[in-house]
Amino acid sequence: MARRDRILDAATELGARADLDHVQMNDVAKDAGVAIGTLYRYFPSKTHLFAAVFEAQLGAFLGRLWPAESEDLVNDIGEALVSLSQELLRRPRLCAAMVQSAATNYTSGPFGSAERDSALFHAILDTLTRSAPGEEVESTVRLLVFSWWGVLISRLSGKTTAGQAETDIRLAAHRLVGPLLSGHRFP
């Protein structure tokens, strides 16, 4: 695991300094102190590498700041997603590399694999299942993650302001999670 972590750390640092197209796998291997063959054994492509960096970043954030228990779960989930976006966007080049790689993996993977593998999807699902068990929870979580993802991309590409992105994320949490927790069921 130490090798894998060194590779992810090296990719994180290089991805924060240069656009994805300019990050070279040889440089990642060198900075991580591993042979290029070792790097490719862990990550068969740069896309796989930066998608793994994204999941590692999500996992670290969720471990620190995810609201497991809460008096106001709707608000706390919305605020956690806003904080996650802010944290990812602090390093726009790295965020762009992670988003591009994660999107490529999402579109090329088997049906349903992105949700099964996403730390964010599981954190929200686990949190909501404790408060609102039922068959609509998974669809609600998927819609919330898709909404958050779209807002993140809009903010990253400069199509929306930071304030509007934060408002949109909070609104998505309230509109999607609020009815679920209040017992409202959709037809």
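User: Why is Ser 85 called buried?
Analyst: Ser 85 has a relative accessible area of 6%. Buried means under 20% relative accessible area, exposed means over 50%, and partly exposed lies in between, with a 1.4 Å probe and protein chains only. The value of 6% falls under the limit, so Ser 85 counts as buried. This is a predicted model, in which local features need pLDDT of at least 70 and side-chain atom pairs count only at pLDDT 80 or more, while totals for chains, interfaces and linings use all residues. Residues are numbered from 1 along each chain as its sequence is written, and side-chain values use heavy atoms, with hydrogens and water left out.

User: Where does Ser 85 lie, and which residues does Ser 85 touch?
Analyst: Ser 85 is part of helix α5, residues 73-89; helices are DSSP runs of H or I with at least four residues, strands are E runs of at least two, and both are numbered from the N terminus. Its contacts (heavy atoms within 4.5 Å) are Trp 148, Leu 152 and Ile 169, leaving out residues up to four places away in sequence.

User: What makes Phe 54 and Trp 149 an edge-to-face pair?
Analyst: Rings of Phe, Tyr and Trp (its six-membered ring) pair if their centres lie within 6.5 Å; planes under 30 degrees apart are stacked, over 60 edge-to-face, and the rest tilted. The centres of Phe 54 and Trp 149 are 5.7 Å apart and the planes stand at 70°, so the pair is edge-to-face.

User: Why is this pair said to tie together separate parts of the sequence?
Analyst: Phe 54 sits in helix α4 (residues 46-65) and Trp 149 in helix α9 (residues 136-156), so the pair links parts 95 residues apart in sequence. Phe 54 is buried at 5%. Together with Trp 148 and Trp 149, Phe 54 forms one aromatic cluster.

User: How many aromatic pairs are there by this rule?
Analyst: There are three. One of them is Tyr 42 with Phe 43, at 6.3 Å centre to centre and 35° between the planes, which is tilted.

User: Why do Tyr 42 and Phe 43 get their accessibility labels?
Analyst: Tyr 42 has 34% relative accessibility and therefore counts as partly exposed. Phe 43 has 3% and therefore counts as buried.

User: How do you know whether Leu 62 is buried or exposed?
Analyst: The relative accessible area of Leu 62 is 13%, so the residue is buried. Leu 62 lies in helix α4 and contacts Ala 119, Leu 120 and Ala 123, neighbours within four places in sequence aside.
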